[in-house]
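User: I have a structure open and want to go through some of its side-chain contacts. Can you take my questions as they come?

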Amino acid sequence: MSVPFLQPGESIGFFSPSSAATAWAPKRTARAIQFLEEKGFRTRAGSLTGQQDAWRSGSAEARAEELNALLRNPDVRCVMSTIGGLNSNALLPFLDYDAFRRDPKPVVGYSDVTAILFGLYAQTGIGTFYGPALTASFGEFPPLVEETWAQFADIVMGRAPRPHEYLRPEAWSEEFLDWENQDRPKKTNPNRWITLRTGRACGRLIAGNLNTLSGIWGTPYMPEIRLGDILMIEDSLHTAAEVERGFTHLALAGVFDRIAGLILGKHELFDSQKSGRKALEILDEVLVNHRRSRESAGPFQQYREIPVLAEFDCCHTHPMFTLPIGAEVELDATDQRVVLIADA
């Protein structure tokens with residue numbers, strides 16, 4: 001079952017599945033709401049808006065009920081997280097998957113919200129969207145926020161015809177500014193994507209946050225990564241050691257033997273731990289080690305090289321693409337092209 005496109009003038013509901021951004025960043029949240037309303041949409045605040053329970057917005061059941069109310073509300077035609085955090089996986093046993101099946105609508109977010117996006121998709125087969133979050137993304141200043149919006153509208157509103165090629169933004173930013181005192185646009189850097197492994201592949205897209213996977217791996221809420229899938233992963237604010245562990249987890253789990261291609265997003269404010277290495281260089285090392293382990297295991301362990309494109313702009317940096325989980329995409333790492341062929 002496909003998800004209907006969001007239409008102009010409809011209602012976008014927002015929820016806080018982990019961190020309480022609406023409580024500790026009210027100015028940025030208000031700016032984001034104003035931005036969406038100036039685009040012609042109505043907004044509906046989740047029940048935990050403005051609330052905070054220490055590290056989170058509320059108990060697991062309260063956070064789940066906030067999301068369930070938006071999923072059940074026929075007037076709400078898109079559901080968007082405010083931000084991520086660390087504990088969105090706590091909601092998974094309490095979500096109303098039947099409500100989502102009865103009335104599919106775009107559910108959008110990134111980072112820790114990967115747990116919810118994957119859980120909904122795994123339990124229902126209905127596609128979700130790895131993309132912007134209300135406070136974190138749409139509370140940003142122009143011109144970056146406008147670029148993020150344009151990509152969101154192209155995908156979630158169907159504004160761009162399919163096939164749709166994701167065009168590399170000219171500039172990007174990971175500058176850290178205090179959200180509540182930010183009074184200027186972020187400084188930007190010239191943009192580039194990097195080919196780690198050449199080649200071309202076409203397959204089902206699975207897109208999410210690397211660190212979050214460990215909290216749902218081996219559960220019914222983790223979609224099976226199948227032979228021929230295209231995997232997009234990204235992360236933020238982690239160390240070289242943590243990133244090596246995450247990439248190695250995928251190798252040990254056989255993911256690199258199943259997928260047909262890999263896309264690595266930019267890593268916001270990566271901590272190289274004085275190594276001078278980038279996240280993509282650590283991925284390259286893990287892939288080399290994986291190949292060697294397969295080759296040393298004997299003739300019955302076949303190794304298949306896959307195309308890998310790095311520094312893609314679906315991540316914690318600005319601007320941010322919107323990727324439909326479960327859709328068919330084409331990855332051409334040689335020519336650095338990513339094309340949405342068909343929606344989920």
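Analyst: One term to begin with: a salt bridge here is a side-chain nitrogen of Lys or Arg within 4 Å of a carboxyl oxygen of Asp or Glu. Keep in mind that this is a predicted model.

User: How many salt bridges does the structure hold?

Analyst: There are 24 salt bridges. One of them joins the side chains of Arg204 and Asp229, at 2.7 Å from N to O.

User: Where do Arg204 and Asp229 lie?

Analyst: Arg204 is in strand β10 (residues 200-209), while Asp229 is in the loop between α8 (210-213) and β11 (230-236), so the pair ties together parts 25 residues apart in sequence.

User: Are Arg204 and Asp229 buried or exposed?

Analyst: Both Arg204 and Asp229 are buried.

User: And what about Glu285 and Arg277?

Analyst: Their side chains form a salt bridge too, at 3.7 Å from N to O. Glu285 is partly exposed, with a relative accessible area of 32%, and Arg277 is partly exposed at 44%.

User: Which residues are linked in a network of salt bridges?

Analyst: Glu165, Arg200, Glu330 and Arg337.

User: Switching to the nonpolar side. Which residues have the most contacts inside the largest core?

Analyst: Phe256 and Phe312, in a core of 103 residues. Beyond its neighbours within four places in sequence, Phe256 is in contact with several residues, including Phe247, Leu283 and Ile306.

User: Which residues form a nonpolar patch on the surface?

Analyst: Phe176, Leu237 and Leu269 do, with about 350 Å² of accessible area together. Phe176 sits in the loop between β7 (171-172) and β8 (189-190), and counts as exposed because its relative accessibility is 67%, where the cut-off is over 50%.

Key
Residues are numbered from 1 along each chain as its sequence is written. This is a predicted model: local features need pLDDT of at least 70, side-chain atom pairs count only at pLDDT 80 or more; totals for chains, interfaces and linings use all residues. Side-chain values use heavy atoms; hydrogens and water are left out. Patches are made of residues with over 30% relative accessible area and no salt bridge: like charges are joined within 9 Å, nonpolar side chains (Val, Leu, Ile, Met, Phe, Trp, Tyr) within 5 Å. Accessible areas come from the Shrake-Rupley method with a 1.4 Å probe; for residues, only the protein chains shown count as cover. Helices (H or I, at least four residues) and strands (E, at least two) are DSSP runs, numbered from the N terminus. Buried means under 20% relative accessible area, exposed over 50%, partly exposed in between (1.4 Å probe, protein chains only). A nonpolar core is a set of buried Ala, Val, Leu, Ile, Met, Phe, Trp, Tyr and Cys residues joined through side-chain atoms within 4.5 Å. Contact means heavy atoms within 4.5 Å.
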